[in-house]
Amino acid sequence: MSGFVEIALLLAAPLLLAATGELLLERAGSIQIGLEGTMLVGAFVAFATGRSGLPPAAALAAASVAGLGAGLLFALFAVARRADPILVGTVWNLLALGATAFAYRLVAGETGSVLEVSTLPRGLFGIPDLVAASFLAPVALHAWLARTRPGLRLTAAGENPEALRSLGLSVVAVRSGAAAASGVFGALGGAMLVVTISPTFVEGITAGRGFLALALVVFARWKPLALVPAALLLGGVTALQYRLQAGGFGLPYAFFLALPGFVALAALALASARGGAPKALGSPAP
Amino acid sequence: MRVRSTLAVAAGTLAAAALLVLLAGASPAEALAALVRGAFGSKAAAGETFARSTGLVLAALGAVVAFRAGVLNIGLDGQFLAGAAAAAAVGPLFPDLPVLARAAVVLAAPLAGALQAAPAAWLSEKRQVPPVLSTILLNLVAAAGVTWLVRGPLRDPSGDYPQSRALTDAALLPPLVPGTRATAAVLVALALAAAAAFVLARTPLGLAMRAVGESPRAARAAGLPDVRLRTGAFLASGALAGLAGGLEVLALTGRLYDPFSAGVGYTGIAAALLGGMTPLGSAASGALFAALGAGSSALQRDAGVPSALASIVPALAVLGLLLARARRGEDR
């Protein structure tokens, strides 16, 4: 059974990282539905870095730099220029899917064989230490949001941006910072996939994980600590699904695929109006 | 001003595309020639462009109908899948009656698309759940549904791969011109674009929909049935995307497999944005994206430029447009 737990944790970690970043951005009042694209960019940059012979830690570092760029680009469009974040995110997904496929061709050439990169070594808990550490990210975010002055300002940008502005603070600056950080988290999530369980790159390797991470944020009702059990549940369900798939069960496998979507929908439906979402979510900065 | 910014976006996109071609080690002129040849250079190439237009035009229309009524339906991809699944389910039921099989597909696919959108419409009006979130989740559910269907109830027992039973050749739409893949499906899509343009611009219903989209409160105060209009637009949008999925099966694939959509629903939204959220403009951008898609395989084969260029260019153009508009302070 140890194999099962290990796989569940490895599957949960990328989702958790991406969802933590998204939650941070949404608490600041913006929303990046192009998280899938950011994860994809992270995965590709980690792959390309790994192929150049650098160690997995360097691949993660390179991916976070790319994520920073992705986050700042989103901030330029959706925060500073106040374009509709939903539209920017939708197009960003398309761009990231195309750009990573294009760049993969250039890096990998015409080869049909699978190009592998090296993965992180196992650490203290049977999983790589960096994977274990990602479970602390939501805890840190929780403490940061609740206990620090910048954390409170970020929450204010999402709940009552006018109040923040009347204090002479820039909502655009706060949200842009949140977008940059969430880009780093999203790309790290994608990169974590590549340096742990799927050490290669194929077109669309993230396979909807960015959308699942968006669902996790809703399911967790925008509370960082709730992300941990939610991601573990999802990781466990996915790991179980791999087992069932290997066992040849048709129905449960697809049922588990659909489960996260159903659960998040139910969470939304049962919650009272908007289900705990930040009040200014998706509205332009004043 | 509008013309100047449009030209700037077009020039910027072309420059970026040329840069990408150079990065891939090809000459931009040769790449352009290969692209045009692949999209229009022969009967088969032009047919491919038309064939690919169907889904994109219908998905873009779906986006226009919803967005103009103020509904951010990001679930077109899931609605496309629902329509395709319905087509794959009902199409093979009438192996000896091709006409009935076609009729069943053309009825079931839009219905399935509308049903796929219905939970999001209900959640939006009754529970104030933003459609953006609910439709993204419903896309996940639809994708899982296709995975299940092609391995479970719809699986073709005679095939090695998980895919649905095929429609009979007689039921599939025949090519308009022999030797091409273009069928009457593309004419259906273009006719619907014209119809949508007429309804939106020239009828009281279209005016009411736009009013609700532009200013929900004012429309409500003026006595318009805002909930019904939004819900109707949402379902109609789902029906258009569902029809796109159904016609994909009926005209091109003949069956359902997994994964079935290459992001048609999302690209449709991009086409609608580039088309200024008007039905005819969106149909034109949908056809342009289809030509890019058809041309890109020749681009890869003849000029060695990865065909993914065809999905980068539209995204860049729309991003440029969003930036140009945001700079002018327009909302959408």
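This briefing covers the fold of chain A, the interface between chain B and chain A, and the setting of one serine in chain B. The model is predicted. Chain A comprises 12 helices and zero strands. Chain B and chain A bury about 3,900 Å² between them, 83% of it on carbon and sulfur atoms.

**Fold of chain A**

- Read from the N terminus, the elements of chain A follow the order α-α-α-α-α-α-α-α-α-α-α-α, in keeping with the count of 12 helices and zero strands.
- The radius of gyration of chain A is 19 Å, close to the 19 Å that the globule rule gives for 286 residues, so chain A is as compact as a globular protein of that length.
- Along the principal axes, the C-alpha atoms of chain A occupy a box of roughly 55 × 40 × 35 Å.
- Of the 286 residues in chain A, 57% are buried.
- When contacts in chain A between residues at least 6 apart in sequence are considered, 79% of them join residues at least 24 apart.

**Extent and composition of the interface**

- Chain B contributes 44 residues to the contact, and chain A contributes 42 residues.
- In chain B, the residues that lose the most area to chain A are B:Leu133, B:Leu137 and B:Leu319, which together account for 15% of what that side buries.
- No salt bridges are found by the rule across the interface of chain B and chain A.
- The rule likewise finds zero residue pairs in polar contact across this interface, where both residues must be at pLDDT 80 or more.

**Elements on the chain B side**

- Two or more residues on the side of chain B that touches chain A come from each of helix H1 (2-23), helix H5 (98-127), helix H6 (131-151), helix H11 (264-274) and helix H13 (309-328) of chain B.
- H6(B) gives the most to this side, with 12 residues.
- The residues on the side of chain B that touches chain A comprise 34 nonpolar, six polar and four charged.

**Setting of B:Ser285**

- B:Ser285 belongs to helix H12 of chain B, which spans residues 279-303.
- The relative accessible area of B:Ser285 is 5%, so this residue is buried, the cut-off for that class being under 20%.
- Leaving aside residues up to four places away in sequence, B:Ser285 touches B:Ala271, B:Leu274 and B:Gly275.

Note on methods
Residues numbered from 1 in each chain as written. Chains lettered and ligands numbered in written order. Predicted model: local features only at pLDDT ≥ 70, side-chain atom pairs only at ≥ 80, totals over all residues. Heavy atoms only, no water. Contact = heavy atoms within 4.5 Å. Buried area = accessible area lost by both parts, 1.4 Å probe. Salt bridge = Lys/Arg side-chain N within 4 Å of Asp/Glu carboxyl O. Polar contact = N/O pair within 3.5 Å; in protein donor to acceptor, adjacent residues only side chain to side chain. Helix = DSSP H or I, 4+ residues; strand = E, 2+ residues; numbered from the N terminus. Nonpolar A, V, L, I, M, F, W, Y, C, P; charged D, E, K, R; others polar. Rg over C-alpha atoms; globule rule 2.2 N^0.38 Å. Buried < 20%, exposed > 50% of the residue type's maximum accessible area, 1.4 Å probe, protein only.
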